Every structure is written in C-alpha cells, then in structure tokens.
Amino acid sequence: MTAPPLDRLALARWEADRHAAVLADALARWRALPTPSLEAIESDPALRQLTDQILFRFIKLQDTMGERLIPATLGWLVEPFEGWPMRDRLDRLERLGYLDVEAWLRWRELRNRLAHEYPDAPDLRHAQLLAAIAGAADVVAAYRFWAGKLPSPEVNEAG
C-alpha cells in the first residue's frame, strides 16, 4: 500500500530536512576557514572529515530530493507523474516554481564528477571539490525555497 500524498511528503521533508541541516552546519564551519588547498584537506583529518561530511550530505540531499521529494511533491499536487521520465518531472516542477532545472542538472553533474578521483590531476580534483561545495550551498538554498512552498510539516495525516 502506498502512503497518502501528505504522508509521503512529510516523510520526504523529514529526511531532506535532516540532510539540509547537517549540510548547512558543515558549510558554515567550512566558510569560517580560509579556502584550504587540496594538500591541506588531504593531510588534516578534521578538514578531511568536514569535507567528506559536506560531500556526503550534498549527495544525500540531492538523492532525497530526486527519489523522494520530487514524487511526493508531484503526488501532493495531484500531478499524473508516475509514467513521466525524470526530465519531465523536473520541467513540471520548474513550471510550478519549485526548482530551476538547469541548476538541478548542474548539481547532478557535480555529483557525478565526485565519483572520479583523477589521482594524476590534483588541480582538477581541487577545482571539482570546491565547485561541489559551492553547489552544496546552492542545493540547501533551493531545498529551503522548495520546502517553503509546501504545507507545514506539522500538518497531520487527516489535515
């Protein structure tokens, strides 16, 4: 049995809220530092842990938005999305004012680039890392904007 649209939406928001909160906290700690070199990140365990936390939550927030929030939002809006490819879902949410498709696609590209290490290209690795961290801040802002357009998470199942 599938959860009702409001239940699905509440669950998606619960998960996304947690990733966004941890990510925002990690980004605040990152911004308090001078921009570190790749060597500094790789040699300092605390800095490496902070960087890993940002990248992990960047990926998790995107995944939660894509796998849970997009279908939950479309279900709550009573859109017939089940047979739609992801691009059509994104386009519809953009038309409804929930997201910017081009930004979403950039974040997905950044996320995909993180899967490649490029051991022989440290400058490229560092640039991709910094781009992903900047993208992470944008994902948090986009999620918060999107969440602001949704019903309050306190809404009960009957409501």
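The protein chain exposes about 8,900 Å², by the Shrake-Rupley method with a 1.4 Å probe. Carbon and sulfur atoms supply 54% of that area. The model is predicted: local features need pLDDT of at least 70, side-chain atom pairs count only at pLDDT 80 or more, and totals for chains, interfaces and linings use all residues. Residues are numbered from 1 along each chain as its sequence is written, and side-chain values use heavy atoms, without hydrogens or water.

Of the 159 residues, 41% count as buried (under 20% relative accessible area, 1.4 Å probe, protein chains only). The C-alpha trace spans about 55 × 30 × 30 Å along its principal axes. Six helices and zero strands make up the secondary structure (helices are DSSP runs of H or I, at least four residues; strands are runs of E, at least two). Contacts are heavy atoms within 4.5 Å. Among those between residues at least 6 apart in sequence, 69% join residues at least 24 apart.

Helix 5 covers residues 101–113. Its 13 residues should span 18 Å at 1.5 Å a residue, and the end C-alpha atoms are 18 Å apart, which agrees; the expected span is 1.5 Å times one less than the number of residues. Aspartate 100 caps the N-terminal end of helix 5. A side-chain oxygen of aspartate 100 lies 2.9 Å from the backbone nitrogen of glutamate 102. The buried residues of helix 5 are Val101, Ala103, Trp104, Trp107, Leu110 and Arg111. They pack against helix 3 (45–76), helix 4 (86–95) and helix 6 (122–148).

Key:
Buried < 20%, exposed > 50% of the residue type's maximum accessible area, 1.4 Å probe, protein only. Polar contact = N/O pair within 3.5 Å; in protein donor to acceptor, adjacent residues only side chain to side chain.
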